[in-house]
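Hello,

Here is the structure we talked about, sequence included. My notes follow below it.

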Amino acid sequence: MARVLVVSTQRSGAYPSIRDALEVAPDGATISIEAGVYAETVRISGQRLSLVAAGEAGSVTIDAGDGAGPAVGSDGADVTLQGLVVRSGHYPGVQARGGRITIERCEVAAQYAAGVSVTDGAVLTATDVKITAGQSGFVIEDAGGVIDKCEVRDIAEDGIIVRLGADPAIRNSTVSACGYRGIYIYQAGRPTIERCDISSTGDAGISVAHQSSPTITGSWVHDTRGVGIMIGRGCGGLVEGTRVEGTAAPGIQLDEGATATVRKADEGGHQPRVGVSAIEGATQQDTERVDKLLAELDSMIGLAGVKSEVRALIDEIQVNEWRRSAGLAVGGTSNHLVFTGAPGTGKTTVARLYGQLLKALGVLPNGQFREVARRDLVGQYIGHTAEKTTKVFEEAFGGVLFIDEAYTLSRAGGASADFGQEAIDTLVKLMEDHRDEVAVIVAGYTDEMVDFLDANAGLASRFAKTLEFENYAPDELVLIVNRIARNDDYLLEPGLDDALLEWFGQIERDRNFGNAREARKLLEGMRKAQSGRLRALGRMPSRDDLRTLVLDDLLAATR
């Protein structure tokens, strides 16, 4: 008969911590844990053990906090977890390397790592498990097993990751509210996804890449910001009887070179469209759309030099496409750009427009815009940064990857283990290998961006051009204030423009000057001042009173 060891913080004679019980537990033992919060990390190596909540499911919490490792870690062991709440910080909630792990009726949450990570040939059986927070939910790498009746929600990035030939069966489970993809399958992953509900993702519901071949049957993918199911070049598998609704078009996208078989669920479901043409406008120029976007660019205040440079780029791209259509030679070109200048000068807005222009010209499939910063690219340990940077890069395929304050990647800040340089080196290779699939725009202060471009010998050559965004002149800032005010249904009283011009003319233009942000901040102050002024009238203000900003409002906002 298996030995039972009792853990309790209250009962006399019981082990006071799980770790204490583990030190004496024989192979095959059950550790029965009474209700309470156990602030510790659990390590099991090579043994067969069960950790079970003595009371109701959820009455026992293992909280690793910011401990130096997963809350529950298993190395080559056979571990069963039942009825537990597991929480961790910078490491997975539950991690199994090799062996077997069974998780039943548990809730898992992590802050900056996977909820459950299974690697190195391990076999997972997860039943009625809820992962309620984490950088990712389940990560199955070079492993297998079954995920059944589980729920993954409120995840920062991907809900379930299947990679390196992993072949789990994912059944009767729900994946929702993930920042990126619901299920991401890559590096020859071969999962079976049956009767699952995937929704409310920041990107695709299910994304398949790198020679993977999933089987997706009887499932429902809906209400995603990206396409429902994305199957990349060189990937196969089967999609059958699966409804795709309320997603970006097309519901099911098969890239050119994908060999997956798709059989629709019913007449109401999305019809798959095969090849690059699956995304509207991917292979043909939409000249009317180009003209509208260029008109939108021209309507921006100031930025004469930037507008001219963008028009020159678009002219070159358009002519190259015409030459290609006529069978003429076209030299290799890069769509990557450097944006330099102070904050608040429209860099992000222009980057978005540039992506839409590339889509309208047929250069990029969708023109989607993915804005990231250092924290999105740099990992916390050796090897993590390259993986993280590659992941972000791949998510931008078909559109624009905008890296704000890119110069922070080349700043070690005196740290002995800074991985910013690894992110730069990874980007250099990806930008060359996929220069026709994504446009990378790096942005930041002018002087700092020079140092950034020197951080790798091949970095500067990857960019087609540098666009300098100059500070707005005082009269341009007045125009910006007027435009923002009109959009918010406000008017400036006659003569207020002159006072604004005088104010903006005397502001110091140092490196922290926010340009358009300063204009918006000033207007917000004027609106607050107006609110106080109208409240003091002693009467109901008229419609004109409510709309009009006056000199006193400006004086109050700048006092």
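H10 passes H11 in a right-handed crossing (a crossing is right-handed if the near helix is turned clockwise from the far one by less than a right angle, and left-handed if anticlockwise). H10 covers residues 496–506, and the two helices pack at an angle of about 130° with their axes 13 Å apart. Axes here are lines fitted to C-alpha atoms, for helices over the stretch in contact, and angles run from 0 to 180 degrees between N-to-C directions. H10 and H11 are therefore oblique to each other (under 35 degrees counts as roughly parallel, over 145 as roughly antiparallel, 65 to 115 as roughly perpendicular, and the rest as oblique). From H10, the contact uses Leu496, Leu500, Trp503 and Phe504; from H11, it uses Ala519, Leu522 and Met526. Contact means heavy atoms within 4.5 Å. The class count for this contact is seven nonpolar, no polar and no charged residues. The classes are: Ala, Val, Leu, Ile, Met, Phe, Trp, Tyr, Cys and Pro nonpolar; Asp, Glu, Lys and Arg charged; the others, Gly among them, polar.

Before you read on: this is a predicted model, where local features need pLDDT of at least 70, side-chain atom pairs count only at pLDDT 80 or more, and totals for chains, interfaces and linings use all residues. Residues are numbered from 1 along each chain as its sequence is written, and side-chain values use heavy atoms, with hydrogens and water left out.

H10 also packs on H13 (residues 551–558), at about 20° and with the axes 10 Å apart. That angle is why H10 and H13 count as roughly parallel. Their crossing is right-handed. Leu496, Ala499, Leu500 and Trp503 of H10 touch Leu551, Leu554 and Thr558 of H13. Six of these residues are nonpolar, one is polar and none is charged. Helices (H or I, at least four residues) and strands (E, at least two) are DSSP runs, numbered from the N terminus.

Next pair: H2 (residues 287–298) and H4. Their angle is about 165° and their axes lie 9 Å apart, so the two are roughly antiparallel. This crossing is left-handed. H2 brings Arg289, Val290, Leu293, Leu294, Glu296 and Leu297, which meet Val350, Leu353, Gln356, Leu357 and Ala360 of H4.

The lining has 26 residues, with Gly344, Thr345, Gly346, Thr349 and Ala516 nearest the centre. By class, 11 are nonpolar, eight polar and seven charged. The pocket holds about 680 Å³ of space. A pocket is an open set of points on a 1 Å grid over the protein atoms alone, where a 1.4 Å probe fits, with protein on both sides within 12 Å along at least five of seven lines; lining residues have an atom within 4 Å of a point. The volume is the space filled by probe spheres set on the points.

Two backbone details remain. The Ala249 to Pro250 peptide bond is cis, with omega near -10°. Pro250 sits in strand E30 (residues 248–254). Arg105 has phi near 50°, a positive value in a residue other than glycine. Arg105 lies in the loop between strands E11 (100–104) and E12 (107–110).

Best wishes
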